[in-house]
Amino acid sequence: MSRVLFLTVLLAFLASIASSVSASLIVHKELDTFVKGRNATVSIVLYNLGPGVAKNVFVEDKTFRNTSLFAAVAGKHSKKFASIEENSNATLKFVVKPIVAGDLPDHPAVFKYQVEDETRPFPKTSPGYSSSLAALRVLTEEEAAQRESRVVPWTLFFIAAAASVAAPYYLYTQKAALLKPSKKQD
C-alpha cells in the first residue's frame, strides 16, 4: 500500500514539473580549424527541444572579443533572436582572424532566454552555456601546411594497402582456376 502511495505521489510530482517546463535550449559551438592570419568561421547553433517557444533569446561568445588575440572580420559576437520555435534552431555565425598562434582559451558561449510560466505574472529567464573546447589550438602557417600535406601520404598508404590485399587475391583466384579438377571423359 505504501509503495502505491509513494508511486502516486512521485508521478504527480513529475507531472507537475513536466507541465511547468516550457522550452529547453541546447547550444553547440562549431569552430573551423584556426590558422594564424587566416579567416575562421565560428557558428553557435541554438536548438529548442520544446515543448514551448523560447522568447527573447540572447547569445554571446566572449572568447573572440579579445582584440589582442583575434581580429573581427565579419559578423558580431552576439545576437538576439525574438523567438525560437519548438523543434527548430537558430544560428549565430561570425568570422574572426587569429592574430597569434598557440593554445588560446575557449570559453563557452553564454545564452539566456525567456519562457512563459503560468505560475508567475512575468516570463521566467533561463540562462545557460554552450559546449566548449576549453582550449583553441591556433596553428602557424607551417603547422597548417604540414597537416594539409598529410593527405597525399595517407592516399598513397590506402592505395598500397588495397594493392597488398588485391594482388594475393588475384593470384589465388588464378591458381585456383588452374587447380580445378577436370571432368572425366568416358
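Biologist: Why is Glu-143 called partly exposed?

Modeller: In this predicted model, Glu-143 has a relative accessibility of 27%, and because the partly exposed class lies between the buried class, under 20%, and the exposed class, over 50%, Glu-143 counts as partly exposed.

Biologist: What makes the contact of Arg-137 and Glu-143 a salt bridge?

Modeller: Their side chains meet at 2.9 Å, N to O, and since a salt bridge asks for a side-chain nitrogen of Lys or Arg within 4 Å of a carboxyl oxygen of Asp or Glu, the pair qualifies. Arg-137 also meets Asp-103 in a salt bridge, at 3.6 Å, N to O, and this pair links distant parts of the chain, with Arg-137 in strand β11 (residues 134-139) and Asp-103 in strand β8, 34 residues apart.

Biologist: How do you know whether Asp-103 is buried or exposed?

Modeller: The relative accessibility of Asp-103 is 57%, and because exposed means over 50%, Asp-103 counts as exposed, while Arg-137, with a relative accessible area of 41%, is partly exposed.

Biologist: Why can the salt bridge of Lys-29 and Asp-106 be said to tie together parts of the chain?

Modeller: The side chains of Lys-29 and Asp-106 meet at 2.7 Å, N to O; Lys-29 lies in strand β1 and Asp-106 in strand β8 (residues 102-106), so the pair ties together parts that are 77 residues apart in sequence. Lys-29, at 7% relative accessibility, counts as buried, and Asp-106, with a relative accessible area of 4%, is buried as well, because the cut-off for buried is under 20%. Together with Asp-61, Lys-29 and Asp-106 are linked in a network of salt bridges.

Biologist: Turning to the rings, why is the pair of Phe-64 and Phe-94 called edge-to-face?

Modeller: The ring centres of Phe-64 and Phe-94 are 5.8 Å apart and the planes stand at 65 degrees; because centres within 6.5 Å make a pair and planes over 60 degrees apart count as edge-to-face, this pair is edge-to-face. The pair links distant parts of the chain, with Phe-64 in the loop between β4 (54-60) and β5 (70-74) and Phe-94 in strand β7 (residues 88-98).

Biologist: What makes the pair of Phe-111 and Tyr-113 stacked?

Modeller: The rings of Phe-111 and Tyr-113 are 6.2 Å apart, centre to centre, with 15 degrees between the planes, and because planes under 30 degrees apart count as stacked, the name stacked applies to this pair.

Technical notes
Residues are numbered from 1 along each chain as its sequence is written. This is a predicted model: local features need pLDDT of at least 70, side-chain atom pairs count only at pLDDT 80 or more; totals for chains, interfaces and linings use all residues. Side-chain values use heavy atoms; hydrogens and water are left out. Rings of Phe, Tyr and Trp (its six-membered ring) pair if their centres lie within 6.5 Å; planes under 30 degrees apart count as stacked, over 60 as edge-to-face and the rest as tilted. Helices (H or I, at least four residues) and strands (E, at least two) are DSSP runs, numbered from the N terminus. Buried means under 20% relative accessible area, exposed over 50%, partly exposed in between (1.4 Å probe, protein chains only).
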